[in-house]
Amino acid sequence: MSEEIVDIEINPNKRSWRELWQIPTLGVAALLLLTGLIGVILTRPEPDIDGMIKAAEARITKAEHAEALEILNGKIRQHVDAPFITEDQLQSFHLLRARAVGKGQRELGINDQSNHESVLNEYEAAEQAGAELTIDDHVLRLESILELGQFDEAVTKLAEIGDEHSAERIRIRKEIIERALGDRIPRNELAEAQLLELTQDTMLGVDDRCWAAARRAQMQLNQGFIDEAITGILREMPRIASAQPHARGELFTLLGRGYMEIGAVSEARKQLERATELIESDDDLFAETLLQLGMSLEQTGEMELALDQFDVITQDYAGSDAYLPALLSRGDVLSAITETDPALISKEEAIGAYVRFVDEATGKASAVLLDKAVKSLLRRAEEQFVKNDLVASSQYAQLAEDIHGLNDTPTEVLLSQARISRAMADEMLAGAIEGESHVIDLADADPVTRAQTQRYYVRAADYYRRHADRLAGTDDDSGYAQSLWAAADAFDRGGDIAEAIAGFTEFSQSITDDPRVPEAIYRLARAYQASGNYPYASERFEALLTASHSEDQTINVGPFAVMSYVPLAQVYLADLDESNNERAEELLDIVISGELGDIDTTAYAMALASIGQVHYLKGDYPKAIESLTEALARNPDPREMYRLKFLLADARRLESESISETLSTGSVAPSVARELIEKQSEHLRIAAGMFAEVRDGLETVDPRRRTALEQMYLRNSYFYVGDCAFDLGEYESAIRSYSIAKDRYADDAASLVAMVQIFNSYFELGDLERARTASERARRFYETLPPEAWEDRSLPMTQADWERWLDSSYELASMRTEDIGG
């Protein structure tokens with residue numbers, strides 16, 4: 001193999017005239033030097049190539065392959081293009097290089113792809129030079145071809161080996177078959193073709209015939225042709241009676257496996273016991289026999305005895321083909337034992353056995369074994385799922401996924417992971433409060449539980465989404481629709497609104513004939529509502545209402561159209577477009593009028609609450625009180641009850657202020673005025689009681705679970721209890737309530753409200769010294785607050801409160817001036 005010679009061009013730098021005068025002298029010297037070199041070259045003897053080749057051959061004979069390569073590469077290679085190299089020498093050079101590399105790495109236990117490629121290149125060069133390969137060369141080349149996975153080329157080259165070297169031909173063909181069957185995805189067609197060639201080889205001995213029968217049976221068993229495998233072995237047995245015990249023992253092992261497959265356990269065990277008598281215990285085939293014996297014991301429920309067999313294999317036969325299957329079977333047996341006798345084997349130990357299998361088998365075991373492992377792990381996951389041990393179920397499912405990885409795992413694994421994650425999310429929401437078992441709403445959960453639950457829901461959604469993607473374009477339309485729906489539903493429950501919108505949009509557009517489409521549109525509208533995209537939300541709610549009045553309306557539109565009235569009204573009230581507020585009231589009135597059905601429905605209660613809130617925001621407090629009172633009576637949700645009770649209490653408080661304004665005009669008849677004062681007192685007393693109920697009720701809710709709105713209701717309820725007492729003229733009671741509120745919110749700007757009202761209460765009581773003290777405290781606290789503290793519009797301090805503080809402070813200051821002047 002010649003080296004490429006590259007010419008190097010020298011580009012001298014520009015010389016000055018001072019240097020150029022030396023050129024003639026230098027030229028003469030160079031000419032004399034060149035003449036001398038040519039003389040040396042012409043008189044130097046040619047190298048002893050034959051001697052070098054013999055030296056390299058001697059080194060290879062002594063298995064000194066590295067030294068042989070030093071001679072071939074360091075001394076001969078530089079002359080391969082020289083004119084004196086003969087054809088025989090060139091042939092020998094390439095043959096010796098191939099042998100030195102091939103045999104050298106074989107003896108060192110090296111299996112380097114580049115070395116195998118070098119072996120093939122050298123043999124090719126040798127043949128091009130006219131060399132004839134020996135049988136050893138053919139074998140060495142075939143070994144490299146097989147190591148490179150070039151099976152077709154191996155079959156072609158194998159045909160060049162004649163009957164005089166049948167032993168080598170048969171050995172190489174057996175190796176091709178073993179490699180074909182040993183691939184993670186077996187090359188069954190190649191193996192079958194070579195088995196046919198092998199069995200038709202007239203030079204085949206009885207031991208090799210026995211081996212061929214074993215491989216055929218192995219292939220049939222792996223492909224599920226159990227009866228054919230059993231029959232084939234039974235027919236072959238009489239012909240191989242003279243075969244070596246090991247060869248016959250393998251057939252008995254396979255026969256036992258075949259009987260195991262059809263459930264003939266006792267017959268299987270008989271054949272396996274015969275195999276153990278024929279196979280030496282230090283043979284890896286003995287491990288395979290123990291494996292089948294262990295499986296037979298497992299089938300008859302003798303789990304501990306089966307475990308003993310598998311333990312022997314995993315401890316003493318780690319290099320055998322039975323090792324990985326034994327690891328898997330060990331996991332199966334341990335899992336079975338832990339279900340019947342958890343005191344003997346813990347569930348953690350059983351799962352740990354599977355972990356060991358997955359760690360060692362992933363990327364190494366055959367596809368058949370890995371698929372078997374996935375099915376086994378999924379069975380375990382389902383068993384634990386049924387028992388509601390979701391943690392163990394999730395661990396088994398995750399191991400099943402780890403075998404192939406998320407992107408390549410079977411669809412059954414994706415579905416299992418989705419179901420388990422969804423169940424774990426649902427279970428996180430199941431709890432007991434004050435001894436009552438019920439399902440907790442996600443918003444009602446503490447932040448840690450909420451975050452974990454959302455993660456489970458989103459995880460479930462992601463697996464459902466992947467499962468749907470796998471089924472897209474297949475015949476399983478039902479499975480695709482179900483997983484697509486489940487993904488959108490889980491994203492929605494997990495609070496991933498963007499993914500929920502995408503999921504429900506795809507479902508409603510791609511599966512138009514599914515009865516769940518109206519619900520998908522409804523939940524899509526609700527998702528848009530939650531995200532604040534009110535135009536998109538109203539568009540879909542209105543579409544459901546329109547569809548419900550259509551003659552060819554889709555099945556199930558009706559219920560979701562009915563459910564759309566209240567949220568559509570809420571959307572119109574929440575957007576910045578006041579032109580659709582009338583439409584919102586119209587929708588709520590339709591619900592309240594009973595046109596849509598029974599007034600005991602949830603929609604009716606929601607409509608009452610919403611119309612009550614509309615009246616509240618419009619300042620029509622009598623109507624708000626009426627609607628909210630009925631809504632409160634109809635709503636069983638305790639968390640919603642606090643909101644309604646707060647709004648109702650505040651409507652009564654504000655209505656009392658309206659009555660005060662009416663009375664202040666002086667145009668009310670005395671009899672009417674007395675009625676209004678009584679009504680005002682009634683409103684204030686009822687409001688005070690309701691604010692106290694909201695305050696006390698929300699204090700029992702875990703602070704981590706309270707929403708921002710509930711935090712505002714809680715804070716303002718503290719202060720409004722005092723306001724109601726103050727407006728009733730019960731100043732001492734007001735002072736007590738304001739003091740409690742001030743202490744509860746000592747660092748909150750709202751605390752100033754309590755301080756001011758305490759001052760006002762003392763002033764009304766005529767306790768001027770305490771009034772002055774309270775006013776000074778309020779002033780000092782006010783000066784500590786930053787300006788942005790008053791940007792909170794929900795603070796329970798109105799313009800009237802500021803004016804009252806100013807008036808009382810001014811009057812108090814005037815009284816003090818008069819006292820000083822007197």
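I'll start with the whole chain and then go through a few places in it.

Quick housekeeping: this is a predicted model, so local features need pLDDT of at least 70 and side-chain atom pairs count only at pLDDT 80 or more, while totals for chains, interfaces and linings use all residues. Residues are numbered from 1 along each chain as its sequence is written, and side-chain values use heavy atoms, with hydrogens and water left out.

Okay, the overall picture. The secondary structure comes to 37 helices and 2 strands. Of the 822 residues in the chain, 45% are buried. Buried here means under 20% relative accessible area, exposed means over 50%, and partly exposed is in between, using a 1.4 Å probe and protein chains only. The accessible surface comes to about 43,200 Å², and 50% of that belongs to carbon and sulfur atoms. Those areas come from the Shrake-Rupley method with a 1.4 Å probe, and for residues only the protein chains shown count as cover. For contacts, meaning heavy atoms within 4.5 Å, take the ones between residues at least 6 apart in sequence: 60% of them join residues at least 24 apart.

Now for the rings. Rings of Phe, Tyr and Trp (its six-membered ring) pair if their centres lie within 6.5 Å; planes under 30 degrees apart are stacked, over 60 edge-to-face, and the rest tilted. Tyr-354 is in helix α18 (residues 347–361) and Tyr-396 is in helix α20 (residues 390–404), so the pair ties together parts 42 residues apart in sequence. Both Tyr-354 and Tyr-396 are buried.

Compare that with Phe-759 and Phe-763, a tilted pair at 6.3 Å centre to centre with 45 degrees between the planes. These two both lie in helix α35 (residues 751–765), 4 residues apart, or about one turn of the helix. As a reminder, an α-helix has 3.6 residues a turn, so residues three or four places apart point the same way. Phe-759 and Phe-763 are buried too, and α35 is mostly covered, with 13 of its 15 residues buried. From first C-alpha to last, α35 reaches 21 Å, close to the 21 Å expected at 1.5 Å a residue; that expected span is 1.5 Å times one less than the number of residues. Just after α35, Gly-766 takes a positive phi of about 85 degrees.

There's also an aromatic cluster made of Phe-646, Phe-691, Tyr-713 and Tyr-720. Arg-215 has its charged end over the ring of Trp-211, 5.1 Å from the centre, and Arg-695 lies over the face of Tyr-718, at 5.6 Å.

Next, helix α24 (residues 497–510). Its buried residues include Ile-501, Phe-504 and Phe-507. What do the buried residues of α24 pack against? They pack against α23 (477–493) and α25 (517–531).

Let's zoom in on a loop. Ile-240 is in the one between α12 (226–236) and α13 (245–261). Is Ile-240 buried or exposed? At 0% relative accessibility, Ile-240 counts as buried. Leaving aside neighbours within four places in sequence, Ile-240 is in contact with Val-206, Cys-210, Arg-248 and Leu-251. Cys-210 is buried as well, at 1%, and so is Cys-724, at 0%. How many disulfides does a search of the whole structure find? It finds 0, where a disulfide is a pair of cysteine sulfur atoms within 2.5 Å.

Last stop, two glutamines. Gln-292, in helix α15 (residues 284–299), is buried at 5%. Gln-292 is in contact with Thr-253, Arg-257, Met-260 and Leu-272, leaving aside neighbours within four places in sequence. Gln-194, in helix α10 (residues 188–199), is also buried, with a relative accessible area of 5%. With residues up to four places away not counted, Gln-194 touches Val-155, Leu-158, Arg-173, Ile-176 and Ile-177.

Technical notes
A charge sits over a ring if NZ of Lys or CZ of Arg is within 6 Å of the ring centre and within 35 degrees of the ring normal.
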